[in-house]
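Trainee: I have a model open and would like to work through it. Where do we begin?

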Amino acid sequence: MMTVLGIETSCDETSAAVVIDGRDVRSNVVLSQVDLHGKYGGVVPEIASRAHLETFDQVIAAALADAGVSLDEIDAVAVSSRPGLVICLVIGVTAAKALAWSIGKPLLAVNHVHAHVTSPAITLADAPWPAVAVVVSGGHTSLYHLRDPARIELMGATTDDACGEAFDKVSSILGLGYPGGPAIEQAATKGNPQAIDFPRAMLKRGSLDFSFSGIKTAVLYHVHGYGKTSGGLEKLSGGKSADIAASFQAAVIDVLVKKSMLAVAQAGGDTLLAGGGVLANSVLRGGLQNACANAGIALHLADRAYCTDNAAMIAAHGYHLLQAGHVSQLNEDAHSAETNELIFAP
Ligand code: KG4
Ligand code: ZN
């Protein structure tokens, strides 16, 4: 039995969790900073970093208390070390290094996006890999060939905005607030998804890459008039706004579902995993469920609790890395990008 403490501070959630054997989630404390950033319409890195610093120790203490375990009972400490906001990541990485050192237990530096990739496995009795995985979040929109948790190969990624980012920007254009995903989903329930034929980027070419900046601009011009960036919102009725939200959501989900199916076909597999904050969206979940059922593909969606950023998925992924023989060193650093480059060269 392996009890892993997970720590997550890559963006605007301070989170800590205790997970046994990558599946048994004993605690998952998530302190969201949405209230701090809402008035700015997006995450302000300095505010996020300060909030992590002020709360990480209480969040870790709460995760241990909720799980009913003491630090001595922790077998390894896993932490998001990349990608993300470096001034945020560094809070969690420093805390994890200190804790791992103090209890003499292994440290596991976890790629946050890889943790989203394997997050659907938390609620499964058996390992679902090999599989194709789609991660749709505020920072990433990527397709992966998941051979196993230590061998995750990129198949396609966004060439510009991430899908969640597009939800957030479209919500801002429509004056619906931050975070945009839930606001768009809510507004879309009252709209017609066929009302406006927004562009479905890069579908025809058979590529596994994504692009979401074009549809964002299409929504902007639809609201204000071609080539204009202001003046239209005041004239927009509630019904029209709902139609835009529903049509935007339908267009991006169409692309996400079709490209996910294409990736499974290209990989020659029969299993799809899906995780990341945008997978909290019921219409996307339903779209993937229908497409996979029609194509005879086994679909494993991340539980909603593990879609938006959380430390349970970090602990679970750390466990899988440990099982594969990986351990990080105490000179591990925080990195903004997914690759391994050092921000501060030694
Ligand atoms: O995975 P996540 O918590 O953070 C990153 O790693 O980026 O994803 C956050 C993103 C935000 O852009 C948010 O608007 C989006 O997930 N999101 C949603 C929904 N809930 C959250 N997007 C669409 N529909 C939702 N219900
Ligand atoms: Zn994330």
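Mentor: Start with a term: a residue is buried when its relative accessible area is under 20%, and exposed when that area is over 50%. Keep in mind that this is a predicted model.

Trainee: Which residues does Glu332 touch?
Mentor: Leave out residues up to four places away in sequence. Contact means heavy atoms within 4.5 Å. The residues touched are Ser81, Arg82, Val93, Lys97, Leu107 and Ala109.

Trainee: What separates His112 and His116 in helix α4 (residues 112-118)?
Mentor: Both histidines are buried. They are 4 residues apart in α4, so the separation is about one helical turn.

Trainee: Is helix α5 (residues 163-173) roughly parallel or roughly antiparallel to helix α8 (residues 238-267)?
Mentor: Their axes come within 11 Å and cross at roughly 175°. Angles over 145 degrees count as roughly antiparallel. So α5 is, relative to α8, roughly antiparallel.

Trainee: How many residues of the contact of α5 with α8 are nonpolar?
Mentor: From α5 come Cys163, Ala166, Phe167 and Val170, which meet Phe248, Gln249, Val252 and Leu256 of α8. Of these residues, 1 is polar and none is charged. The nonpolar count is 7.

Trainee: Are α5 and α7 roughly parallel or roughly antiparallel?
Mentor: The axes of α5 and helix α7 (residues 213-224) come within 10 Å and cross at roughly 10°. Angles under 35 degrees count as roughly parallel. The two helices are therefore roughly parallel.

Trainee: How many residues of the contact of α5 with α7 are charged?
Mentor: In α5, Lys169, Val170 and Ile173 take part, meeting Lys216, Val219, Leu220, Val223 and His224 in α7. Among the contact residues, 5 are nonpolar and 1 is polar. The charged count is 2.

Notes:
Residues are numbered from 1 along each chain as its sequence is written. Chains are lettered from A and ligands numbered from 1 in the order in which they are written. This is a predicted model: local features need pLDDT of at least 70, side-chain atom pairs count only at pLDDT 80 or more; totals for chains, interfaces and linings use all residues. Side-chain values use heavy atoms; hydrogens and water are left out. Axes are lines fitted to C-alpha atoms, for helices over the stretch in contact, and angles run from 0 to 180 degrees between N-to-C directions. Angles under 35 degrees count as roughly parallel, over 145 as roughly antiparallel, 65 to 115 as roughly perpendicular and the rest as oblique. Ala, Val, Leu, Ile, Met, Phe, Trp, Tyr, Cys and Pro count as nonpolar, Asp, Glu, Lys and Arg as charged, and the others, Gly among them, as polar. Buried means under 20% relative accessible area, exposed over 50%, partly exposed in between (1.4 Å probe, protein chains only).
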